Amino acid sequence: MKQVEASSRKLDLSKEIVKNITKHPSELKIEIKSLDDEIENLKSSEASHDDSVSAISSLIRKSRASLIETRDDISEIQKRIGSFNRITSEIHSEIEALSLNEEARRVFLSFNEICSSSSCQLFQSSSDSYAKNLLYLKDQMKDLERNSKIDHFRVSTLKEKEENNLKELSYLVDKRNSTIEKSEISSLIDTISEIKNKIFNLQNELEKLENYKDLESLHITIINERQAAFEKYQAFSESASQNSNLIKLRLELRDLYLNWLDCLNTNNVSRDITFKDDFVPVLGKESISQLKGSTRIRAVLAYHAALLELFLERNKAPFRFFILDTPKQHEIHNDDLEQYIRELKRLSLTKGVQIVFSTTEYHYDGDDLDVEWVPEYPGKKQNMFLSSKRLEAPNK
């Protein structure tokens, strides 16, 4: 237990360090390679003063592109925060309407002519409905507030990045202006030095990301070892061969579940996953039924996909299709749902399984192996959002 806690603290510290790094390791490697090639070009005997200016101008273009991308991300998140605020206001209105209805019910109950009996059940259905709806709306509020806090944090992080981009852009423009006025040799030396500094910063970011990935893998390994030790301890009261198979299945399912949780960008759950009653997942101290809103939906979708992949990996799938009936995508960002569907597409191609799902706001752009059915019900209203996709497995 202490080892898991220590590993978790290290992982949290590393996550805090990489929070401002928005590029994927593969993108950083490509950029580093491009800059290395630029240095080799400048070192060649044919490099001129214009090449030095061009190299600095290339850095300026990349910095400006990064600034535009950051501002676009900020704008998109702020729009989403605005949507959260509007939805929250509407939920408050719903809660107020429910409360007024409940007050009206109590007024009616106070009239003896309507409910003279102390055990009057005339409005019992209305009362039960009020409690259920109020609980649902408050759960939605909590989920929206949690997502809004995450988005506000991301905006503040991106604002820091925007400020750094502006400083870098201003510095590079000044550098280019001074390079124009310098001699050919001096400008080449300064440009190569500037590119090397850029490479150093990118390599530093890459190292931080790789360190975080290593710590994450180590943390999962430690959790798996702890779970395996616990299950071996339980084995004393069970058949050894049966327990061995269960341990392997749980370890495989845990790894797959973690992958699918990451695929759906599920940030609000513990990675310390255990199983009760053989295969009912527990995330830290929470069961899936205790989660709320989009977090619960992501956890359910990830678990179903992990089970499907486990069956397929072991070639034990009793059926080779997976049906999703409009998985509440209005509570999941389209980018996350897109990534989930794309991973299911990969699964369909590699394992020969058919994926069928319906959508409303989200639209999937498939390829020649996919089929789209659009229902043709009478009237514009019925057809406003209805559409469906089927990811076809290749013929084997």
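Predicted model: local features only at pLDDT ≥ 70, side-chain atom pairs only at ≥ 80, totals over all residues.

Colleague: Good to know. Let's start with the rings: how many aromatic pairs does a search of the whole structure find?

Modeller: The search turns up three aromatic pairs. One of them is made by Tyr 257 and Tyr 303, with 5.5 Å centre to centre and 65° between the planes.

Colleague: What kind of pair do Tyr 257 and Tyr 303 form?

Modeller: Tyr 257 and Tyr 303 are edge-to-face. Planes over 60 degrees apart count that way.

Colleague: And which helices do those two lie in?

Modeller: Tyr 257 is in helix α6 (residues 240-263) and Tyr 303 is in helix α7 (residues 293-313), so the pair ties together parts that are 46 residues apart in sequence.

Colleague: Are Tyr 257 and Tyr 303 buried or exposed?

Modeller: Tyr 257 is buried, and Tyr 303 is too.

Colleague: What about the rings of Phe 357 and Tyr 364?

Modeller: Their centres are 6.0 Å apart and their planes are at 75°, so Phe 357 and Tyr 364 are also an edge-to-face pair. Both Phe 357 and Tyr 364 are buried.

Colleague: Nice. Switching to charges: how many salt bridges does a search of the whole structure find?

Modeller: There are 15 salt bridges. One of them joins the side chains of Lys 29 and Glu 210, at 3.9 Å from N to O.

Colleague: Which parts does the pair of Lys 29 and Glu 210 tie together?

Modeller: Lys 29 belongs to helix α2 and Glu 210 to helix α5 (residues 184-234), so this pair links parts that are 181 residues apart in sequence. Lys 29 is partly exposed, at 47% relative accessibility. Glu 210 is partly exposed as well, with a relative accessible area of 36%.

Colleague: How about Arg 346, what does it form a salt bridge with?

Modeller: The partner is Glu 343, and the closest N and O atoms are 3.0 Å apart. Arg 346 and Glu 343 are three residues apart in helix α8 (residues 334-351), so about one helical turn separates them. Arg 346 is partly exposed at 33% relative accessible area, and Glu 343 is partly exposed at 29% relative accessibility.

Colleague: Is Asp 151 buried or exposed?

Modeller: Asp 151 counts as buried because its relative accessibility is 2%, and the cut-off for buried is under 20%. Arg 154 is partly exposed, with a relative accessible area of 37%.

Colleague: Now the surface. Which residues gather in the patch of negative charge?

Modeller: The negative patch brings together Glu 27, Glu 69, Asp 72, Asp 73, Glu 76 and Asp 335. Helix α3 (residues 49-109) gives the most to it, with four residues. Glu 27 sits in helix α2 (residues 25-43), and Glu 27 is partly exposed at 44% relative accessibility.

Colleague: And which residues make the nonpolar surface patch?

Modeller: Phe 319, Phe 321 and Ile 323 make that patch, which covers about 300 Å². Ile 323 is in strand β4 (residues 321-324). Ile 323 is exposed, with a relative accessible area of 55%.

Colleague: Before I go, what is the phi of Asn 265?

Modeller: Asn 265 has a positive phi of about 55°, although it is not a glycine. Most residues other than glycine have a negative phi. Asn 265 lies in the loop between α6 and β1 (273-276), and Asn 265 is partly exposed at 35% relative accessibility.

Colleague: One last thing: how far apart are the C-alpha atoms of Glu 160 and Thr 70?

Modeller: They are separated by 10.0 Å, while Glu 160 and Thr 70 are 90 residues apart along the chain. Glu 160 lies in helix α4, and Glu 160 counts as partly exposed at 42% relative accessibility.

Notes: Residues numbered from 1 in each chain as written. Heavy atoms only, no water. Phe/Tyr/Trp six-rings, centres within 6.5 Å; stacked < 30°, edge-to-face > 60°. Buried < 20%, exposed > 50% of the residue type's maximum accessible area, 1.4 Å probe, protein only. Patch = residues over 30% accessible without salt bridge, like charges linked within 9 Å, V, L, I, M, F, W, Y side chains within 5 Å. Areas by Shrake-Rupley, 256 points an atom, 1.4 Å probe, with all protein chains shown as cover. Salt bridge = Lys/Arg side-chain N within 4 Å of Asp/Glu carboxyl O. Lys, Arg positive; Asp, Glu negative; His and termini not counted. Charge placed at Lys NZ, Arg CZ, Asp CG, Glu CD.
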